[in-house]
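Please keep the sequence and the structure open while reading.

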Amino acid sequence: MEPLYDVIVVGAGNGGLVAAGTTQKNGYKTLLLEKHNLPGGCATSFKRGRFEFEPSLHELSGIGIPGHRDYVYDILQDIGADVDWRYEKNMFRAIVTGPNGYDVTVKSGINEFCKSIDDAVPGCKRKIKKLFNIAKHNAKAQAYITKKRGNPNKLVMFFRYGTFLRAASHSVEELEIALGIPEKARNIVNTYWGYLGVPTDELNAMHYLNMLRGYVEYGAAMPAKRSHEISEAIIKTFQKNGGEVWYNSKVTGFLTDDKGRVNGVEVNGQKIYAKEVISNIIPNNVFNMMDQSKVPAVDLKLANSRDFGISVCTIYLGLDCTREELGIEDYTTFIMNNPNPRVQHDTNGIYIVNCLNTVIPESSPDGTCTLFFTILCYGKDLPKDLTPETYKNFKNEIADKYISEYEKLTKKDIRSHIEEISIATPVTFAHYLDTPDGTIYGYRLSDWDCLMARVAHENQEYTIPGLSFVGGHHIRGDGYCSAYFTGSFVGNRVVRKLNAQK
């Protein structure tokens with residue numbers, strides 16, 4: 001069958017959007033298919049009453065600031081997506097309850113960050129700075145590897161990037177202990193582990209340092225009109241360049257030719273063919289939509305050996321008073337039941353509270369503000385006896401627990417000011433994203449399946465000709481920045497492949 005398109009992209013999540021924008025900008029006729037009536041996946045917004053809520057984005061690293069732009073900004077600019085960025089200078093407030101607890105506010109900028117940690121743990125500043133020296137070295141090594149398209153000169157790596165080679169196979173905790181960083185300082189530095197969904201005694205050191213440096217060096221950024229602004233900006237330039245998008249179009253099958261090459265999809269009861277197919281859908285689901293005899297055993301084995309990543313429960317609050325009236329000064333507050341990330345992970349003992357009005361004052365109507373609670377959990381942690389009839393009570397109990405604890409810790413009256421409330425759980429995300437267990441983090445970045453291992457073996461990840469994957473289940477795991485990176489990385493690779501066929 002003659003292909004109607006050069007590229008079909010399945011799913012208009014962050015990775016799919018950038019992949020589609022990349023292939024279309026390079027002159028390849030691209031069809032983008034999305035099962036919902038809006039683009040973006042998690043990068044969207046929703047309204048309750050007079051409030052418009054951000055459903056998932058906490059803050060973006062990789063944007064940089066005017067004069068010092070970073071890679072995510074460059075990716076979006078490269079495909080022509082313009083976004084009104086706002087910036088947050090304080091990184092976070094970390095509140096740990098119970099024995100050995102603390103309440104620390106950490107500022108951005110490497111010197112200010114190190115000073116904030118040193119104020120809480122005197123004498124550690126020099127050791128924390130060593131982390132950032134390694135992070136900068138790591139960035140140079142990765143840039144060299146990327147330039148060589150994953151095939152760097154071994155002697156160059158050994159003599160010029162030896163520190164990278166020594167550190168890349170270790171966990172965050174192992175590296176920090178080797179540098180002599182005290183335990184309390186480690187715990188504060190590692191507060192962001194939840195953004196990657198893996199505790200720091202297991203999380204790859206280079207992966208965490210990449211993210212940490214991105215936040216610390218230039219601070220975090222937020223789109224002025226929620227993350228939906230990013231999705232709309234990408235769609236706008238995609239269509240301007242001639243791209244075609246079908247909404248309300250759920251793909252129900254991935255088609256293959258006699259040789260096992262993916263050559264199209266089934267959608268809306270029809271078969272559409274293309275030279276290349278890019279999926280923003282997790283491989284497990286894709287393989288279930290294919291002729292099973294055409295899925296290589298090695299691909300099935302890899303997908304089935306991986307654990308699904310973390311999910312969340314979220315509470316969205318629209319309040320009838322301002323953040324100033326409540327005395328809220330911090331955009332991001334992490335609240336934890338124990339200083340140690342492993343204990344936080346194993347007990348679901350960490351949640352994040354964001355007040356968008358501290359960064360974007362006009363993000364809610366005059367005289368109001370919003371709060372956004374994110375509680376890390378796994379879909380498998382849901383009550384085994386949960387039924388549709390008891391689900392509402394389950395959500396209400398979550399909201400009651402965390403609002404009450406936040407009020408007690410901060411001595412702020414939240415409950416009496418609630419005008420609108422919406423609650424989501426892994427059930428919500430499983431329904432909206434079609435992901436197993438409602439995971440928002442693709443596959444868990446475990447010790448054997450870490451970033452470094454995925455990067456080193458990326459060309460062996462999934463081997464079906466004509467099919468590529470982007471998004472949170474690809475090499476970098478989830479997170480907005482990682483999804484944008486994979487969309488650009490895979491989109492450009494497909495462009496090179498199609499160029500070679502001319």
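A residue is called buried when its relative accessible area is under 20%, and exposed when that area is over 50%. The model described here is predicted.

## Helix 15

Helix 15 covers residues 388-410, 23 residues in total. From its first C-alpha to its last it reaches 34 Å, close to the 33 Å expected at 1.5 Å a residue.

The buried residues of helix 15 are Tyr 391, Phe 394, Ile 398, Ala 399, Tyr 402, Ile 403, Tyr 406, Glu 407 and Thr 410. What do they pack against? Their partners include five strands by name: strand 15 (311-319), strand 16 (332-336), strand 17 (350-354), strand 18 (369-377) and strand 19 (418-424). Helix 16 (426-433) is also a partner of these buried residues.

Most residues other than glycine have a negative phi. Lys 411 belongs to the loop between helix 15 and strand 19. Its relative accessibility is 74%, so Lys 411 counts as exposed.

Asn 248 also has a positive phi, near 50°. Asn 248 sits in the loop that runs between strand 11 (244-246) and strand 12 (251-256). Because its relative accessible area is 54%, Asn 248 is exposed.

Glu 276 is part of strand 14, residues 270-279. Is Glu 276 buried or exposed? Its relative accessibility is 0%, so Glu 276 counts as buried.

The side chain of Glu 276 makes a polar contact with the side chain of Arg 261, at 2.8 Å. Beyond its neighbours within four places in sequence, Glu 276 is in contact with residues from several parts of the numbering, among them Asp 6, Val 7, Ile 8, Gly 466, Leu 467, Val 494, Lys 497, Leu 498 and Gln 501.

Pro 199 lies in the loop between helix 8 (183-189) and helix 9 (205-218). With a relative accessibility of 0%, Pro 199 counts as buried. Arg 342 is 143 residues away from Pro 199 along the chain, yet their C-alpha atoms are separated by 5.4 Å. Leaving out residues up to four places away in sequence, Pro 199 touches Trp 193, Pro 341, Arg 342, His 345 and Arg 444.

His 474 is in the loop between strand 20 (467-469) and helix 18 (480-500). At 5% relative accessibility, His 474 counts as buried. What does the side chain of His 474 reach at 3.5 Å? It is the backbone oxygen of Phe 469. With residues up to four places away in sequence left out, His 474 touches Arg 454, Glu 458, Phe 469, Thr 486, Phe 489 and Val 490.

## A nonpolar surface patch

Leu 155, Phe 158, Phe 159 and Leu 165 make a nonpolar surface patch of about 490 Å². Which helix gives the most to the nonpolar patch? Helix 5 (residues 154-160) does, with three residues.

Phe 158 is placed in helix 5. Its relative accessibility is 55%, so Phe 158 counts as exposed.

Terms used
Residues are numbered from 1 along each chain as its sequence is written. This is a predicted model: local features need pLDDT of at least 70, side-chain atom pairs count only at pLDDT 80 or more; totals for chains, interfaces and linings use all residues. Side-chain values use heavy atoms; hydrogens and water are left out. Patches are made of residues with over 30% relative accessible area and no salt bridge: like charges are joined within 9 Å, nonpolar side chains (Val, Leu, Ile, Met, Phe, Trp, Tyr) within 5 Å. Accessible areas come from the Shrake-Rupley method with a 1.4 Å probe; for residues, only the protein chains shown count as cover. A salt bridge is a side-chain nitrogen of Lys or Arg within 4 Å of a carboxyl oxygen of Asp or Glu. Helices (H or I, at least four residues) and strands (E, at least two) are DSSP runs, numbered from the N terminus. Buried means under 20% relative accessible area, exposed over 50%, partly exposed in between (1.4 Å probe, protein chains only). The expected span of a helix is 1.5 Å times one less than its number of residues. Contact means heavy atoms within 4.5 Å. A polar contact is a pair of N or O atoms within 3.5 Å; within protein, one must be able to donate a hydrogen and the other to accept it, and residues adjacent in sequence count only if both atoms are side-chain atoms.
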